[in-house]
Amino acid sequence: MSFRFRGGKNATSGMGVADHCKGTFLELQRKKAHRYVIFKIDEKKNEIVVDKTGNPAESYEDFTSALPENDCRYAIFDFDFVTSDNCQKSKIFFIAWSPATSRIRAKMLYATSKDRIRHELDGVHYEIQATDPTEMELEVLKERVY
């Protein structure tokens, strides 16, 4: 038995990734044009699109407050830090935000489409799956890089 949703697409087939997603990611990765990029699934277009970007001066708190409280998103965050030998470094985090309070359909769509967008974003260093804000606190990122 297979389940079909609006538009006739099978929920397990995943979404396409809009061309501008990769371009925006490359702007963050290579030009440091953004601190973060938030992606969302546009169900009408059946693809993943850029939802928001944050300018390079924005903080991690700005980023987390830009995520919706009750809906899923994918996000990229460029984390700057200083190593123990005083070197300035940067690591890119991919965050799959799927809050417990989001719709089951949204959780399913985001779960089945995650590999598609991850494949497009070459150069991500770490991945975090978060269902609650505590699972992606700044300390979590710091623990990964140190």
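A pocket, as the word is used here, is an open set of grid points where a 1.4 Å probe fits, with protein on both sides within 12 Å along at least five of seven lines. Its volume is the space filled by probe spheres set on those points. The model described below is predicted.

**The second largest pocket**

The second largest pocket holds about 180 Å³ of space. Its lining is formed by Y60, T64, S65, L67, P68, E69, W97, P99, P133, T134, M136 and E137. Helix 2, which covers residues 60-66, gives the largest share of this lining, with three residues. Sorted by class, the lining consists of seven nonpolar, three polar and two charged residues.

**Confidence in the model**

The average pLDDT of the protein chain is 91, and 90% of the residues score at least 70. Over residues 1-12, however, the pLDDT is below 50, and this stretch has 14 contacts in the model beyond near neighbours in sequence. Where pLDDT is low, predicted coordinates should not be read in detail.

**Accessibility of selected residues**

The table gives the relative accessible area of several residues.

| Residue | Relative accessible area | Class |
|---|---|---|
| D78 | 1% | buried |
| M15 | 5% | buried |
| S98 | 12% | buried |
| V124 | 15% | buried |
| N46 | 24% | partly exposed |
| K32 | 37% | partly exposed |

D78 belongs to strand 4, which spans residues 73-82. Because its relative accessible area is 1%, under the 20% limit, D78 counts as buried. The side chain of D78 forms a polar contact with the side chain of S90, at 2.3 Å. Neighbours within four places in sequence aside, D78 is in contact with L28, K32, H34, R35, S90, K91 and I92.

One of these contacts, K32, sits in the loop between helix 1 (19-31) and strand 2 (36-42). The phi angle of K32 is near 55°, a positive value in a residue other than glycine. K32 is partly exposed, with a relative accessibility of 37%.

**M15 and N46**

M15 is placed in the segment before strand 1 (16-17). With residues up to four places away in sequence left out, M15 touches I41, N46, E47, I48, L109, S113 and R116. M15 is also buried, at 5% relative accessibility. From M15 to E61 the C-alpha atoms are 29 Å apart in space, and the two residues are 46 residues apart in sequence.

N46, among the residues that M15 touches, lies in the loop between strand 2 and strand 3 (47-54). Its phi is near 60°, again a positive value in a residue other than glycine. At 24% relative accessible area, N46 is partly exposed.

S98 itself is found in the loop between strand 5 (88-97) and helix 3 (104-120), and S98 is buried at 12% relative accessibility.

V124 occupies the loop between helix 3 and strand 6 (126-130). V124 is likewise buried, with 15% relative accessibility. V124 and V37 are 87 residues apart in sequence, and their C-alpha atoms are 13 Å apart in space.

Conventions:
Residues are numbered from 1 along each chain as its sequence is written. This is a predicted model: local features need pLDDT of at least 70, side-chain atom pairs count only at pLDDT 80 or more; totals for chains, interfaces and linings use all residues. Side-chain values use heavy atoms; hydrogens and water are left out. On a 1 Å grid over the protein atoms alone, a cavity is a set of points where a 1.4 Å probe fits but cannot get out, and a pocket is an open set with protein on both sides within 12 Å along at least five of seven lines; lining residues have an atom within 4 Å of a point. Helices (H or I, at least four residues) and strands (E, at least two) are DSSP runs, numbered from the N terminus. Ala, Val, Leu, Ile, Met, Phe, Trp, Tyr, Cys and Pro count as nonpolar, Asp, Glu, Lys and Arg as charged, and the others, Gly among them, as polar. pLDDT is the predictor's confidence in each residue, from 0 to 100. Contact means heavy atoms within 4.5 Å. Buried means under 20% relative accessible area, exposed over 50%, partly exposed in between (1.4 Å probe, protein chains only). A polar contact is a pair of N or O atoms within 3.5 Å; within protein, one must be able to donate a hydrogen and the other to accept it, and residues adjacent in sequence count only if both atoms are side-chain atoms.
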